[in-house]
Amino acid sequence: MATKHQDSSLLEARRAQIKQPPFYKVLLLNDDFTPMDFVIVVLQRFFGMDREQATRIMLKVHTEGRGVCGVFARDVAATKVDQVTTFARSNQHPLACVMEEN
């Protein structure tokens, strides 16, 4: 830490406290109509998962009602939610994708 003496007073450099921006979990929600294979495709396409990882998360969504796809900065999470929702609707599936603060 740098210090300077000036007119008998001591000046110290202070580091600014920078708060990390909040991160958001992107979640898929279970429904009774979206095929499991479609959920796997979504996880692979939009979240870069391999088939095994996508299958594990799809099963978690199916059994527990929701599953975390990833944790992202707010803008990235919002974009992922929009992309998944648009893709699901364009394929006529009611798959719900939401984000919540981590």
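Setting aside neighbours within four places in sequence, Leu 29 is in contact with Val 61, Gly 65, Arg 66, Leu 95, Ala 96 and Val 98, where contact means heavy atoms within 4.5 Å. The model behind this is predicted, so to speak of local features takes a pLDDT of at least 70, side-chain atom pairs count only at pLDDT 80 or more, and totals for chains, interfaces and linings use all residues. Residues are numbered from 1 along each chain as its sequence is written, and side-chain values use heavy atoms, with hydrogens and water left out.

Leu 29 is found in strand E3. Helices (H or I, at least four residues) and strands (E, at least two) are DSSP runs, numbered from the N terminus. Strand E3 covers residues 23-29 and runs antiparallel to strand E4, residues 66-73, with seven bridges joining the two. DSSP has to find at least two bridges between two strands for them to pair. On the E4 side, Leu 29 stands opposite Arg 66. E3 is also joined to strand E5 (residues 96-101), again antiparallel, by six bridges. In E5, Ala 96 is the bridge partner of Leu 29. Both Arg 66 and Ala 96 turn up in the contact list of Leu 29 too.

As for distance, Asn 91 sits 62 residues from Leu 29 along the chain, and their C-alpha atoms are separated by 17 Å.

Now for the whole chain. It has three helices and five strands, following the pattern β-β-β-α-α-β-α-β along the sequence. The C-alpha trace spans about 75 × 25 × 20 Å along its principal axes. The radius of gyration is 22 Å, while a compact globule of 102 residues would have one near 13 Å; this radius is taken over C-alpha atoms, and the globule rule is 2.2 Å times the number of residues to the power 0.38. Buried residues make up 30% of the 102 residues. Of the contacts in the chain with a separation of 6 or more, 68% come from residues 24 or more positions apart.

The accessible surface of the chain comes to about 7400 Å², and carbon and sulfur atoms hold 50% of that; such areas come from the Shrake-Rupley method with a 1.4 Å probe.

Technical notes:
Buried means under 20% relative accessible area, exposed over 50%, partly exposed in between (1.4 Å probe, protein chains only).
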